Structures are given as structure tokens and as C-alpha cells.
Amino acid sequence: MTHELICINCPMGCALTAQVEGGKVISVSGNTCPRGEQYAKTELTAPVRTVTTTMITSGGKPVPVKTKEPIPKEKIFDVVAAIKASTAPLPVKMGDVVLSDAAGTGVDIVSARSLNNA
Ligand code: SF4
């Protein structure tokens with residue numbers, strides 16, 4: 001079966017064509033670099049995403065946060081719910097873990113910005 005997809009790893013957005021047989025990606029074309037081939041293989045077998053959102057802090061202001069690593073696509077809603085149910089203690093530094101093992105994924109949520117108490 002032929003799949004058409006767009007690589008989202010960089011702004012070039014290469015149009016990829018992948019052949020899948022027996023649940024395996026047997027060929028990828030249209031990619032300008034090796035990351036496109038890897039993207040197609042992952043997207044068609046076990047898609048993952050990096051999640052970026054905000055978490056409320058103990059001071060009441062939101063701070064931008066993101067998953068430290070990409071998570072399985074089907075876990076996005078659970079992870080966002082876990083982030084929204086949590087509070088980041090202030091002060092927080094960029095890169096600090098503000099939630100461990102989000103929604104049982106084994107992936108931590110880290111702050112994408114530093115924020116002081118004020
Ligand atoms: S294949 Fe490479 S160059 Fe093309 S969009 Fe993906 S990362 Fe960018």
C-alpha cells in the first residue's frame with residue numbers, strides 16, 4: 001500500500017511516498033535527508049509527537065512546558081490532561097522537570113522558560 005505524507009521535521013516539508021507491506025515500511029522516497037525516511041517509518045508504525053502547552057504555576061501565571069521527548073500520539077490527550085491538573089512551583093528554571101512520568105508514559109514534562117516568584 002502506498003502512503004503519501006509530509007515530513008514535519010523541518011520547514012522544507014518534503015512530500016514523502018512510502019510503500020508499506022505486511023505492516024512494514026519497505027521503501028520511502030521524496031525525502032531530502034535521512035530524517036525524512038525515519039519520520040515516515042515512525043509515523044506509519046508508531047507515531048510520536050512532542051507536546052507543547054502551558055502549566056499553571058504556584059504564582060498563578062502560566063509557564064510554557066513541553067515533553068522532554070516525543071510521546072506516543074495516542075497519549076497526547078492524557079498527557080495534556082495531566083499537565084492541566086498540575087501546578088509548577090515557583091521559581092522555575094528552563095529545563096526543570098515540572099511533572100515526572102506524565103500519564104504513565106515515562107516521559108517528563110519540562111519548563112520551556114524560567115519564571116521567578118514575582
Ligand atoms: S526529509 Fe529532511 S529536509 Fe525534508 S522535511 Fe524532512 S527533515 Fe526536512
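Domain bounds, as I use them here, come from an automatic or database domain assignment. The model I am looking at is predicted.

**Overall layout**

I looked up the division of the chain first. Domain 1 covers 2–46, and domain 2 covers 52–111. I then checked how far apart they sit. Their C-alpha centres are 29 Å apart.

Next I went through the secondary structure. I found two helices and ten strands. In sequence order they run β-β-β-α-β-β-β-β-α-β-β-β. The radius of gyration is 18 Å, well over the 13 Å that the globule rule gives for 118 residues, so the chain is more spread out than a compact globule. I also took the box along the principal axes. The C-alpha atoms fill roughly 55 × 30 × 15 Å.

I asked what share of the chain is buried. Buried residues account for 21% of the 118. I looked at contacts as well. Of those between residues at least 6 apart in sequence, 42% link residues at least 24 apart.

**The cores**

I turned to the nonpolar residues. In soluble globular proteins, nonpolar side chains tend to be buried together. Here the largest nonpolar core holds 14 residues. Met55, Val65, Ile83, Val98, Ala102 and Ile109 have the most contacts inside it. At least two core residues come from each of strand 6 (62–67), helix 2 (76–84) and strand 9 (97–99).

Leaving out residues up to four places away in sequence, Ile83 touches Thr53, Met55, Val65, Leu99, Ala102 and Ile109.

**Thr17**

My last stop was Thr17. I placed Thr17 in strand 2, residues 15–21. Is Thr17 buried or partly exposed? A residue needs 20 or more C-beta neighbours within 10 Å to be buried, and 12 or fewer to be exposed. Thr17 has 14 inside 10 Å, so Thr17 counts as partly exposed.

I checked the contacts of Thr17, setting aside neighbours within four places in sequence. Thr17 is in contact with Thr2, Glu4, Ser29 and Gly30. I also took one distance. Thr17 and Val48 are 31 residues apart along the chain, and their C-alpha atoms are separated by 19 Å.

Technical notes
Residues are numbered from 1 along each chain as its sequence is written. This is a predicted model: local features need pLDDT of at least 70, side-chain atom pairs count only at pLDDT 80 or more; totals for chains, interfaces and linings use all residues. Helices (H or I, at least four residues) and strands (E, at least two) are DSSP runs, numbered from the N terminus. The radius of gyration is taken over C-alpha atoms; the globule rule is 2.2 Å times the number of residues to the power 0.38. Two residues are in contact if their C-beta atoms, placed from the backbone, lie within 7 Å. A nonpolar core is a set of buried Ala, Val, Leu, Ile, Met, Phe, Trp, Tyr and Cys residues joined through C-beta atoms within 7 Å.
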